[in-house]
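Let's walk through this one together, moving from charged side chains to the core and then out to the rings. Keep the viewer open as you read.

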Amino acid sequence: MANSCYNSISITGNETELDTLHRLLTKEDGYIDFEHVLDREIPFKDIYEVVGTKWFTPDITFQDKVLKLTGDSAWSPPVPLFESLAKTYPSLHITMDFEELGMCFGGRLEIDYKGTNIIFQGNYWQYMAFLDYESFLHEATLELQCRIETSEMTTVSQLGQMRLYQCVAEPDRPKLLKQLLELTGMGLYAVTFEQNPHIEERIFATCPEDIKEQAPTALVKQVELQ
């Protein structure tokens with residue numbers, strides 16, 4: 001079963017071309033008939049090259065001279081489809097936003113008859129930060145809180161390796177770490193061992209005894225954040 005890629009597409013242009021495109025896109029109820037829209041047969045083996053997806057099932061509205069499509073496609077956005085349409089209907093200006101959490105990507109493109117302009121493209125969390133950084137930061141805090149509370153993430157090293165955390169602006173990271181400790185009720189502890197005192201790991205734990213229970217020979221010291 002394919003992963004669903006969510007798309008939000010806005011199209012403006014000459015009203016006659018928009019009317020024609022609207023009729024083509026809405027020939028079938030609930031999905032887009034690619035061969036009808038492009039007026040050609042598309043061998044299944046070529047579907048991703050020609051259209052960009054196996055299927056696209058958007059809701060379609062047309063009002064105030066703007067054609068809008070919002071919905072899921074299989075694995076990836078239908079970029080080649082709209083690149084072809086922009087060449088066929090040269091007045092069209094297409095803005096496409098897409099996101100796919102499973103494969104962790106997202107972006108925004110602008111397409112017209114001259115070609116495709118990449119406004120933004122990156123991993124899913126980078127895209128969320130691009131759209132609305134404050135909302136992203138709120139969601140990131142909740143996600144990281146959950147991972148700490150479920151012990152899916154137990155160390156600062158693991159935190160630093162997460163794509164999600166790497167999308168947080170560096171000046172905001174100390175504040176985020178302090179907030180995570182407050183939300184989870186955890187302390188942050190520096191852990192070393194006599195055999196390798198120069199190697200330190202910082203661990204999230206409710207108390208030093210929890211760490212000592214797992215590693216009796218560990219040297220544990222609480223880290224005070226400014």
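Pick out Asp-33 and Lys-27: their side chains meet in a salt bridge, at 3.7 Å from N to O. Bear in mind that this is a predicted model. Lys-27 has 41% relative accessibility, so it counts as partly exposed. In all, the count of salt bridges comes to 7.

Another of them joins Glu-200 to Arg-202, with 3.2 Å from N to O. Glu-200 is partly exposed at a relative accessible area of 45%, and Arg-202 is partly exposed too, at 33%. Back at Lys-27, salt bridges with shared partners tie Lys-27, Glu-28 and Asp-33 into one network.

Glu-152 and Arg-147 also pair up through their side chains, with 3.7 Å from N to O. Here Glu-152 is exposed, its relative accessible area being 53%, while Arg-147 is partly exposed at 24%. While you're in this stretch, have a look at Ser-151, which sits in the loop between H6 and helix H7 (156–161). Its phi is positive, about 65°, although Ser-151 is not a glycine. Ser-151 has 52% relative accessibility, and the cut-off for exposed is over 50%, so this residue counts as exposed.

You'll find Lys-65 in the loop between strand E2 (56–63) and E3. With 55% relative accessibility, Lys-65 is exposed.

Now for the inside. In soluble globular proteins, nonpolar side chains tend to be buried together. The largest nonpolar core here has 30 residues, and the members that touch the most others are Ile-11, Leu-69 and Phe-82. Which elements give two or more residues to this core? They are strand E1 (4–12), helix H1 (15–25), helix H2 (34–38), H3, strand E3 (66–74), helix H4 (79–88), strand E4 (93–100) and strand E5 (105–112). H4 supplies the largest share, 5 residues.

Tyr-48 belongs to helix H3 (residues 47–50) and, at 32% relative accessibility, counts as partly exposed.

On to the rings. There are 6 aromatic pairs in the structure. One of them, Phe-120 with Phe-130, is stacked, with 4.6 Å between centres and 5° between planes. Phe-120 is in strand E6 (residues 115–122) and Phe-130 in helix H5 (residues 124–131), so this pair ties together parts that are 10 residues apart in sequence. Phe-130 is partly exposed, at a relative accessible area of 33%.

Compare Tyr-133 and Phe-136: their ring centres are 5.8 Å apart and their planes meet at 45°, so this pair is tilted. Both lie in helix H6 (residues 133–149), and because they are 3 residues apart, about one helical turn separates them. Is each one buried or partly exposed? Tyr-133 is partly exposed at 23% relative accessibility, whereas Phe-136 is buried, with a relative accessible area of 2%. Ring pairs also link these two with Tyr-124 and Trp-125 in a cluster.

The charged end of Arg-173 sits over the ring of Tyr-165, 5.1 Å from the ring's centre.

Terms used. Residues are numbered from 1 along each chain as its sequence is written. This is a predicted model: local features need pLDDT of at least 70, side-chain atom pairs count only at pLDDT 80 or more; totals for chains, interfaces and linings use all residues. Side-chain values use heavy atoms; hydrogens and water are left out. Helices (H or I, at least four residues) and strands (E, at least two) are DSSP runs, numbered from the N terminus. Buried means under 20% relative accessible area, exposed over 50%, partly exposed in between (1.4 Å probe, protein chains only). Rings of Phe, Tyr and Trp (its six-membered ring) pair if their centres lie within 6.5 Å; planes under 30 degrees apart count as stacked, over 60 as edge-to-face and the rest as tilted. A charge sits over a ring if NZ of Lys or CZ of Arg is within 6 Å of the ring centre and within 35 degrees of the ring normal. A nonpolar core is a set of buried Ala, Val, Leu, Ile, Met, Phe, Trp, Tyr and Cys residues joined through side-chain atoms within 4.5 Å. A salt bridge is a side-chain nitrogen of Lys or Arg within 4 Å of a carboxyl oxygen of Asp or Glu.
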